Amino acid sequence: MTSVVEERSVARTRGATLLELRELAVEYGVGAKRARAVDEVDLAIHEGEIVGLAGESGCGKTTIANAVMQILRPPARIVGGSILFEGEDLVGKSAEELRRFRWRNVSMVLQSAMNALNPVMRVGDQFVDAMRAHERIDRRRALARAGELLELVGIDRRRARAYPHELSGGMRQRVIIAMALALKPELIIMDEPTTALDVVVQREILQQVEALKRDFGFAVLFITHDLSLLLEFADRIAIMYAGEIVEAAPALRLATNPQHPYTQGLLQSFPPLSGPLTRLTGIPGAPPDLRDPPSGCRFHPRCPHCLSEEPALYVRQTTERPLLRAIEPGHEVACHLVAGGPL
Amino acid sequence: MTAAAPLEVRSLSKRFAIGNAFRRSHVHAVDDVSFELRSGKITALVGESGSGKSTVARLLARLYDPSAGAVLFEGSDVSRVRRRRGVLRYRSQVQMIFQDPFGSLNPVKTIRHHIERPLRIHQVVASGQIEEQVHDLLRTVGLVPPEDIAAKYPHELSGGQRQRVAIARALAVEPKVVLADEPISMLDVSIRIGILNLMLRLKEERGIAFLYVTHDLASARYLADDILVMYAGQIVERGPIEQVLSAPLHPYTRLLLAAVPDPATKLHAERIELRKGLASAAVDPPEGCRFLTRCPLAIEVCSRVTPPLVEERPGQAARCHVTAPST
């Protein structure tokens, strides 16, 4: 039996697929209250790449993160599809295999992570704990490494002796990022890592993540509701709506040539900081309840292009689910308007 | 440009005591803040968390008593009014919208109840017309059909709809001033613009003077006519918003602008200097500029003398010895 850990040593070519979700489906609850939070999502992350996953609250983006880490708790469960990490399916792995996989191969930084530090334990000791849970390393060497990691994220190594409450929110979040780096994972999942922080601190942390990524070569799955942030920071962006990925494209292309009406509406929801100012429209209505999602295209009740004046198209929009298809290499859209017709 | 200013703030300060009887110190949450809110104008109050911007809004809403300074409503100081009638009269003119549309509505009362209540308390219309007035208000904020919405409970509405209810409730008393404390930061991205557009419409149609408290410069630019930038309890820059954002004077305003993600410029293009000092410079601050430890422009005088707010360009003022010197 080959464990995920051993697989790592296989020589890799740059840009190989690191993580691949295939028709991943996750449901919450049972019976009438059942809600499909993630519905047949396909997503690939390549080595050393920053992939942004954007969407509104409740669209399923955090559920995807938790599914990859295999930390979904009942009533949530994976009901279909696979999560391939370096070709190996994580779904159905034993608890022990997953324990070794987590943190060593994939680590995670959460929005509230800065509150996840143990308040009565010195920061350095928490590093030691995390490292010794995953590898054989003596305390002194682990502490020295903790100091190095702290310096990497711009914190004085002497602060390893500090308690969490002695650090600011931004510093605590950087401590968590340093911890996520401790075992040199190939992928770091960041779920709204800077949402609770001020813009200046946010910028500092993002710059640091970029610099670290260049040095260490890890990939990042960056989850946020803030599309304007991703347009700057990510290499590729996937847009989620009501449990589905509706568009995925390189960041620059998504910014300049969005195809899905939801993406267009989302981009129309961020006022610019420079250049001419026009009245924006946003998107009418609100995201749907996933216990009872709209038929056909889930965006159709809010879509400005879904009009009963065009009966043929209207019927398809309201009854037929659009599939994600490539309109160009690397640019995929799930929309009846874009696809033209069934392949 | 000479719109009436129903609300004027003069040298407002608020200190909170921290520590114990032996080690008493004070957070200067708001320190010597002056500005005015003009009819039919939106003033944005921008700063990072802990800068004192929410404290300013709460002082104006009479939720706190100021430590010093005055809040003038139509010329008379209301900051120390204690009598119920006086407070009521003030609140019928100055209303507040809070950040959390989930916490600011009573879960066991219908929407009708929330909007009726201020109408009754402040006796805005005769009791026979209350029903009609409730429906009018709901229509004004875009909640239709009003008959259905009025019968619902808060949990039956989305976050954006709830914030619209909060706005309708604030409008019920026909206020001259509305204080909006981060009204969109807890809402989904796709519905934020709708709330901002509603505020723009109310400003234009009703001539309301808005204070828009936010940490988001882009939405401030979209909404506001004027901007106040707060840092560590002080206003460090103020002026017409387009002018301030296109040619900022204070180094903190420049830092904020550089930090905001703007799809027009790439992250890689402009890098900001990493932080050296602490953000919370407001605990018993010594004399001198509070931005000193983070400032790339600091000169000798900055550590000795607190810079005054100096009008360097018409309408645009900053607290900076370097970019807005006082002599």
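Modeller: Start where α5(A) ends: the helix is followed by G154(A), whose phi is positive, near 85 degrees. The model is predicted, so local features need pLDDT of at least 70 and side-chain atom pairs count only at pLDDT 80 or more, while totals for chains, interfaces and linings use all residues. Side-chain values use heavy atoms, with hydrogens and water left out.

Colleague: What makes residues 139–152 of chain A a helix, and how does the reach of α5 compare with what is expected?

Modeller: A helix is a DSSP run of H or I with at least four residues, and a strand is a run of E with at least two, numbered from the N terminus. Helix α5 of chain A has 14 residues. The expected span is 1.5 Å times one less than the number of residues. From first C-alpha to last, α5(A) reaches 20 Å, close to the 20 Å expected.

Colleague: Which residues of α5(A) are buried, and which are exposed?

Modeller: Buried means under 20% relative accessible area, exposed over 50%, and partly exposed in between (1.4 Å probe, protein chains only). A142(A), A146(A), G147(A), L149(A) and L150(A) are buried. They cover an arc of only 165 degrees around the axis, which puts them on the same side of α5(A); the arc is that of the directions from the helix axis to the C-beta atoms. R140(A) and R141(A), on the other side, are exposed.

Colleague: Why is S107(A) called buried?

Modeller: Its relative accessibility is 0%, so S107(A) counts as buried. This residue lies in strand β6 (residues 106–110) of chain A. Contact means heavy atoms within 4.5 Å; leaving aside residues up to four places away in sequence, S107(A) touches M69(A), A180(A), P185(A), L187(A), I188(A) and I189(A).

Colleague: What makes the pair E204(B) and R279(A) a salt bridge?

Modeller: The rule asks for a side-chain nitrogen of Lys or Arg within 4 Å of a carboxyl oxygen of Asp or Glu. The closest N and O atoms of E204(B) and R279(A) are 2.9 Å apart, so the pair meets the rule. Across the interface of chain B and chain A, one salt bridge is found.

Colleague: Which helix gives the largest share of the side of chain B that touches chain A?

Modeller: That is α7(B), with eight residues.

Colleague: How many residues are in contact between the two chains?

Modeller: 40 residues of chain B are in contact with 41 residues of chain A.

How values were computed
Residues are numbered from 1 along each chain as its sequence is written. Chains are lettered from A and ligands numbered from 1 in the order in which they are written.
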